[in-house]
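Please look over the sequence and the structure before reading on.

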Amino acid sequence: MSTEIYLDGNATTAVLPAAIDAALHAMGEGFGNPSSSHGAGLKAKALMDDARACARRLLGVGEGRLIFNSGATEGIQTAVLSALCAIRDRRAAGQRVGSLLVYGATEHKAVPEALAHWNHLLGLDLLLYALPVDASGRHDLDALRALAPEAALVCTMAANNETGVISDLDGIGAALADSSALWMVDCVQGLGKLALNLQATRIDYAPFSGHKLFAPKGIGMLYVRAEAPFTPLIMGGGQETGLRSGTENMAGIAALGAVLHALEEGKTFRSHAELSGFRERLAVSLRRALPGIVFNAAFEHTLPTTLNFSVPGLASRELLDVFDAAAVRVSSGSACSAAKAAPSYVLQAMGLPDWRSSSAIRMSFGATIDSATIDDACARIERCGAALRSAGLLPDAKVPPAADGVVQLSYAGRHSWLVLDAASRTAAVIDAQPELQARIDALLHSGGYTLGASLRTDAAVAAAPVRLGARLLLPCRVADATIYLLGRADAAQTTLTPAAVRHAFTGQAALAPLTELLGADSLICPASEAQSAFCTSLRAEARAGQTAADDVNLDAAGLAAFLQSNPNVLLVDVREAYEHAASAGGPGGRAALNIPLSRLAQQIEAWQHNPSQPLVFFCRSGNRSAKAVHCLRRLGHSQCWHLAGGMAMSAAAPILALAA
């Protein structure tokens, strides 16, 4: 397995070795409670005071307060609560307050969610207003100046987590010069990357998070300007001079203090110029590997550690998968929302086209990265480009050799099926979904296929038979639905015997009417996951539930032992061809046969004829391989297993072994 290259620093960072040492020291020798008056407590308090003093110097806190807390989300909640309580009190006292809660349209979701939450709980009924940004991602200062007289609280960020765009804080401060609005600036991405002198600004609140700068998760800080109103979020024992109760996280504070001292000393982290050079080297390789690439934020106004880009014709999922196969860790949008299949609201707010906001990739790195790692990353980026090119997914790719087969594409629990004929370069698609049309078009274009027919199982009238080279795709009406039978047939044949049917594409749930049309082992390819996650057969359905399900899962250690005792096992990579090409082989670097899950229905027949062949499936996370193994087991192939957790957990096996 290739060494992992971590390029998702805006999501989180590895903990600095010095920070680990400091945390261990705090837990081992400096474990005292800083509120205790004995020697152990005084040692802990001295450690905490030292970390706070360093933070105050670095951030230019002046007379302001600096409170240790659990991180940025708590800091944001505290700042918003403090501001809204003050607004409520001013309004109750008859003072004029604004009616708007203004936040940047590209703000992290933690901010508008906190605003809506506390606005509702406090019963203020203020209006939330998203401050627009321009095409470069920077706040519209003219709009802010117009809103300033009615603004009660303004929330912006120092630098955007998705694009790296740096806010014009001086310009925002000037726009608010004559406003009574309170101002919070999310400084999470700015810590260690931007020069901050908070006392020289009119910023009232600034939250920070340690894990974005090589400290552990669960530790952060909140700056509060000396004159700014404050309401504690957590009340209790009066720690942090009554501003944030709860026994302090001394291990986290010690670790954060070590990072801040390293930042102050200036020897651990790369300079702005070095980081900018690294970013440019990555950009050069990306341009070379991915023709047509568009960077979604100009480097002129972005952090030197962040690149956000889109590639025409490639979905973010495809790009994430190919990078992950090469052990290059990047993300799609914000890590907090990456699991949601939605366009980037940040890029939408910038007015970018839908294809860019829905297919964007963020590549970000920490300020400790070295030149050798950048060199390796560039080489892998270009390997990913070559893998995508070999699969025919890039504009300058040569048309790959055509392949016969049945291909499954799925979206939101619905299946679309393609039948490809290499000899004639013709294809048919069954139940094409609008959401998959671009992918279908790309697949046909990359293989040089001509679409011969687009068919539907929910059609009211059966279509005419479709000839695809030596294959016949025969429509049949069954119980007010249309199914399509696929099998080999000579030019004179207009029907297919049940034994000749290799695949049946159906949208109906009831299988009983098919018994006269299909052989017992003909593969039934349904239109929805509710019928089957992949494919089934009449024989499989007849024996469903009659046999106990064996354990099909192998962990990394179990796989190693299994391979050693079964030298004839066939490792099958069910990732897409471009993922397989970009990777360094299967688990442990072993050679593997690549049969993408989308093309598994074409391969099943060969395995059914050789049921004693042991098979082990694997993929990136274990999801696709689990579908493959359960499909084969259901069809009667008992000698198959899969790598649970996929290549991701296989790579993590040494870490998990240590943890155990």
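Tryptophan 641 is buried, with 15% relative accessible area, under the 20% limit. The model is a predicted one, and the values below are computed from it.

How many aromatic pairs does a search of the whole structure find? The search finds 7 aromatic pairs. In one of them, the ring centres of phenylalanine 562 and tryptophan 641 are 4.8 Å apart and the planes stand at 55°, so this pair is tilted. Phenylalanine 562 belongs to helix α15 (residues 556-565), while tryptophan 641 belongs to strand β26 (residues 640-643), so the pair ties together parts that are 79 residues apart in sequence. Phenylalanine 562 also counts as buried, at 13% relative accessibility.

A single aromatic cluster is formed by Phe295, Phe299 and Phe309. Phenylalanine 299 has a further neighbour: arginine 279 lies over the face of its ring, at 4.3 Å from the ring centre. A charged group is also placed over a ring at tyrosine 345, where the charged end of lysine 109 sits 4.0 Å from the ring centre.

**Cysteines**

How many disulfides does a search of the whole structure find? The search finds 0 disulfides. A disulfide needs the two sulfur atoms within 2.5 Å. Cysteine 155 is buried, with a relative accessible area of 1%, and cysteine 525 counts as buried at 1% relative accessibility.

**Cavities**

Rolling a probe the size of a water molecule over the atoms shows where empty space is left. A search of the whole structure finds 2 cavities of 30 Å³ or more. The table gives their volumes and the make-up of their linings.

| Cavity | Volume | Lining residues by type |
|---|---|---|
| Largest cavity | about 40 Å³ | 5 nonpolar, 2 polar and 2 charged |
| Second largest cavity | about 30 Å³ | 2 nonpolar, 5 polar and no charged |

The lining of the largest cavity consists of Ile67, Asn69, Glu74, Thr78, Leu222, Phe230, Leu233, Leu243 and Arg244. Strand β2 (65-69) and helix α3 (72-92) are the elements that give two or more residues to this lining. Around the second largest cavity the lining residues are Thr106, Gly137, His139, Met157, Asn160, Val165 and Ser167.

**Positive phi angles**

Phenylalanine 214 is not a glycine, yet it has a positive phi of about 65°. Phenylalanine 214 is placed in the loop between β7 (205-209) and β8 (220-224). Is phenylalanine 214 buried or exposed? With a relative accessible area of 6%, phenylalanine 214 is buried.

Threonine 241, likewise not a glycine, has a positive phi of about 50°. The loop that holds threonine 241 runs between β8 and α7 (250-265). At 74% relative accessibility, threonine 241 counts as exposed, whereas phenylalanine 214 is buried.

Conventions: Residues are numbered from 1 along each chain as its sequence is written. This is a predicted model: local features need pLDDT of at least 70, side-chain atom pairs count only at pLDDT 80 or more; totals for chains, interfaces and linings use all residues. Side-chain values use heavy atoms; hydrogens and water are left out. Rings of Phe, Tyr and Trp (its six-membered ring) pair if their centres lie within 6.5 Å; planes under 30 degrees apart count as stacked, over 60 as edge-to-face and the rest as tilted. Helices (H or I, at least four residues) and strands (E, at least two) are DSSP runs, numbered from the N terminus. Buried means under 20% relative accessible area, exposed over 50%, partly exposed in between (1.4 Å probe, protein chains only). A charge sits over a ring if NZ of Lys or CZ of Arg is within 6 Å of the ring centre and within 35 degrees of the ring normal. On a 1 Å grid over the protein atoms alone, a cavity is a set of points where a 1.4 Å probe fits but cannot get out, and a pocket is an open set with protein on both sides within 12 Å along at least five of seven lines; lining residues have an atom within 4 Å of a point. Grid points are joined across faces, edges and corners, and a volume is the space filled by probe spheres set on the points. Ala, Val, Leu, Ile, Met, Phe, Trp, Tyr, Cys and Pro count as nonpolar, Asp, Glu, Lys and Arg as charged, and the others, Gly among them, as polar.
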